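Trainee: I have not looked at this one before. Can we go through it together?

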Amino acid sequence: QHLDVLNAMVAELGIDAPREGDAKQWLTTGKIALAQLMGDKTILKAMKTNEDDTVTAYSRAVNHPDAVEKSRAFFAKALADEERHREWMDKTAASL
């Protein structure tokens, strides 16, 4: 859902959204692939570091001075979603 909204926002600005990942994507997916060799707890910890990055990005977007109100509202909702995901990953990993 977040990608759909982000793609629509970019289209409204007349910007072409990237269609492929970059080096960052290789790092984030690579962490998860390597963690799979170590078990569920390690996978969740690797996923949580990716969530940390997403939370940081949405937090910056919410507070960006050039963000229009419509965008700021989406970023705030997305930030809350990602913080909830991250909290679940932390709790679940701690219980394993």
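Trainee: Is F74 buried or exposed?

Mentor: F74 is buried, with a relative accessible area of 13%. Buried means under 20% relative accessible area, exposed over 50%, and partly exposed in between, with a 1.4 Å probe and protein chains only. This is a predicted model, where local features need pLDDT of at least 70, side-chain atom pairs count only at pLDDT 80 or more, and totals for chains, interfaces and linings use all residues. Residues are numbered from 1 along each chain as its sequence is written, and side-chain values use heavy atoms, leaving out hydrogens and water.

Trainee: How many aromatic pairs are there?

Mentor: The count comes to 3 aromatic pairs. Rings of Phe, Tyr and Trp (its six-membered ring) pair if their centres lie within 6.5 Å; planes under 30 degrees apart count as stacked, over 60 as edge-to-face and the rest as tilted.

Trainee: Why is the pair of Y58 and F74 edge-to-face?

Mentor: Their ring planes are at 85°, with the centres 6.1 Å apart, so the pair is edge-to-face. Y58 lies in helix α3 and F74 in helix α4 (residues 69-95), so the pair ties together parts 16 residues apart in sequence. Helices (H or I, at least four residues) and strands (E, at least two) are DSSP runs, numbered from the N terminus.

Trainee: Which residues do ring pairs link into a cluster?

Mentor: Y58, F74 and F75. Y58 is buried too, with a relative accessible area of 8%.

Trainee: New topic. How many helices and strands are in the chain?

Mentor: The chain has 4 helices and 0 strands. Of its 96 residues, 27% count as buried.
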